[in-house]
Structure formats: structure tokens, C-alpha cells
Amino acid sequence: MQARKNLIRVAADGIQPLHTMLKRAFVPIAVLSSAFAAAAGAQSVVTDSTPTIGPAKPDLFNRIIANQKKSEAALDLYERVERVETRKNPNDTLPPAIKVSRVIPSGTGMFKISVGDDGNPGDAAAYRADLEKLSRSLATLVNDAGSQRDGLEKYAKKKKERNDLIDATHNAFLFTFAGKEQRRDRTLSKYRMDPNPAFKPTTRFTSIFPKVRGFVWIDEACGELARIEGDVTEDISVGLFLGKIYKGSHFMQERYEFQPGLWLASFSQYDFDGRKLFSSFSLHERTFYSNYRYIGPPKEALAAIRQELGHAEMDKQRANPADP
């Protein structure tokens, strides 16, 4: 009995962040799988019965790789506002649960501060307390990085896992050109994305790849991936088979140029249904990304946050001149 409890506990630990795991696996699909597969993998494994991507464009896809790495690095330097709308049932007529956050890179991850629907603080005192907490964390990192070794190592591990996933997409998918589409004043190239039958998964994350199909849209003029949309085509088991994502789950992401030469996510949507341990779950989430603003690495971010706190204190004194 105790052994069974231990097994369940270990499995629960493994699938606790289930939707986070799926997002971490799907985002690299969204941003780089087309690049790697088209540039190097697709042509060498094509048979008469598998789709091809058409004329190889290694220079284009090398640009996509370089640009995406630039965008990934920018996420550690730019803060943003995220509006997350969540429903338990996609057909629910009730309004979604909404959470709006200011998301600030902290050197060891992302620090989220709740804000109102307009992006402004709802509770000035709570907002200031969060800024002060972030300021202390950044100061510790800047002045004594050794004390934050665990956090830095965990964050570095997440980045490595992400890079490993990106590398794995090299041969994970095959792409077929599906035509051209207009988005505003841009012309996008659309490709169908199919699992590569020759791909052999080596990790729990890469085991998801053979069970995903979809489409990607590429802005060839800029060398950027503009949109990804995909579906889970087979149930995905995780956590010693005690967790499962059901066939039919769906994901998508859109990316736009927020400033010259820098493309970042503007919208993502995840519709997952499955089972975790002995109960079912349903996640239907839409996230809108806006207000990207450069805040810099930890030292620059610390200066910016301290300056913001100073301005807030001066505003408070002007509003309440009688306060000590």
C-alpha cells in the first residue's frame, strides 16, 4: 500500500504542471520546428508516401532560427502585460476568469504583478509591495549572485531544456507548402506540419511531437514565423501513465513585429482536455501579450524599478503633503 502511495506521489509530482509542460513543448514547435525540418531534415527522410516541403530554402530557415533566438533572448530584457482569459468549458456562456499581470524578467524567471484590466495598478499599496519585493530580489541577484545559485541554475536548466527541444525539432516534422495568405499588408507562406515517421523521441517532451499535426505561417520577407496552429492527434500519456492529454486538444500562437527587427508573441490559445491522476481536467486559455517595454538585464531592471518606486513615493507625498 505504501509503495502504491509513493508511486502515485511521484507520478503526481511529474504531472502537476501538466499544462505548463505542454506549453513548453508546443512553443518550440511554434517557433523553430519548421526551420530545422525544412533546412536540414525533411529532404533526407522523404519517401514516396511522405509529404515534402518543396524547394529547400536553407538560407531562409537559417534566418528564422537566428531571428527566433533573438526573440527568445529578448524575453529576458523586455517586460510585458499579459491578459489571460480562462474557461473550464469552451462553450460556457459565463464570462471567462480574467487575470491581467505585468510580467517583468527577474534574472531567474518572470515576476508577475497583478494589475487592472487597463494595465494600471488596482491596489496601489499591494502594487508597491510587489515592486519592493522585486527590487529586493533583483538587488540580491546583482550584489550577491552566489546566494541565488539555485534559482539561476533552475532557470538555466529550463533554458537548456528549451534549447534541447528546439534541437529535437530538427527531424521531428515534415512540411508541405500549402499556399500564400495575406495578413494585413504582409504575405505569409503557409505550410502543413506532419510528424516525421523517422523521428525517434528521446524525452517526455519530445514524445509529444509525433502526436501533433498542424500548420505554420512564415513571413519570408522578414524570416519570421508569424503563426502556428496545431492539434493533438493521439492521446498523450505523461507521469507514469497517470496523466493524459486527450486527442483533439488544440493550440495556436500568433507573432507580430513589435519594433523593427523584433517579433514577439501577441496571442496564444490552448484548449486542453485530459485526465490528471483520477480526475479529469479541462483548460481553455487565451493569452494576449502587449505593452512590451525594454527593462534590461537585472542591473538595469533594478535601477528602473527603484526609479519607479521613487516616483511613486513622490506622487504619494504630493497627494498627501501632511503625511510624515
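Guide: Happy to. This is a predicted model. Start at R184, which is exposed, with a relative accessible area of 72%.

Visitor: Where does R184 sit?

Guide: R184 is in the loop between β4 (173-183) and β5 (186-195). Its phi is near 55°, a positive value in a residue other than glycine.

Visitor: Is N291 buried or exposed?

Guide: Exposed, because its relative accessible area is 54% and the cut-off for exposed is over 50%.

Visitor: Switching to R102. Buried or exposed?

Guide: R102 is buried, at 7% relative accessible area. It belongs to strand β2 (residues 97-105).

Visitor: Which side chain does R102 make a polar contact with?

Guide: That of Y127, at 2.6 Å. Beyond its neighbours within four places in sequence, R102 also has contacts that include E79, F111, L131, R293 and E308.

Visitor: Zoom out for a second. How many helices and strands?

Guide: The protein has 6 helices and 12 strands. It has 324 residues, and 42% of them count as buried. Among contacts between residues at least 6 apart in sequence, 59% join residues at least 24 apart.

Visitor: Now aromatics. How many pairs?

Guide: The count is 8 aromatic pairs. Take F215 and W217: their ring centres are 6.3 Å apart and their planes are at 45°, so the pair is tilted.

Visitor: How accessible are F215 and W217?

Guide: F215 is partly exposed, at 30% relative accessibility. W217 is buried, at 6%.

Visitor: What about F267 and F288?

Guide: Their planes are at 55° and their centres 5.0 Å apart, so that pair is tilted. It links distant parts of the chain: F267 is in strand β11 (residues 262-276), F288 is in strand β12, and they are 21 residues apart. F267 counts as buried, at 12% relative accessibility, while F288 is partly exposed, at 30%.

Visitor: Which residues form an aromatic cluster?

Guide: F173, F199 and F209 form one.

Visitor: Last one. Which charge sits over the ring of W217?

Guide: The charged end of R227, 5.0 Å from the ring centre. Elsewhere, R183 lies over the face of Y256, 3.8 Å from the ring centre.

How values were computed:
Residues numbered from 1 in each chain as written. Predicted model: local features only at pLDDT ≥ 70, side-chain atom pairs only at ≥ 80, totals over all residues. Heavy atoms only, no water. Helix = DSSP H or I, 4+ residues; strand = E, 2+ residues; numbered from the N terminus. Buried < 20%, exposed > 50% of the residue type's maximum accessible area, 1.4 Å probe, protein only. Polar contact = N/O pair within 3.5 Å; in protein donor to acceptor, adjacent residues only side chain to side chain. Contact = heavy atoms within 4.5 Å. Phe/Tyr/Trp six-rings, centres within 6.5 Å; stacked < 30°, edge-to-face > 60°. Lys NZ or Arg CZ within 6 Å of the ring centre and 35° of its normal.
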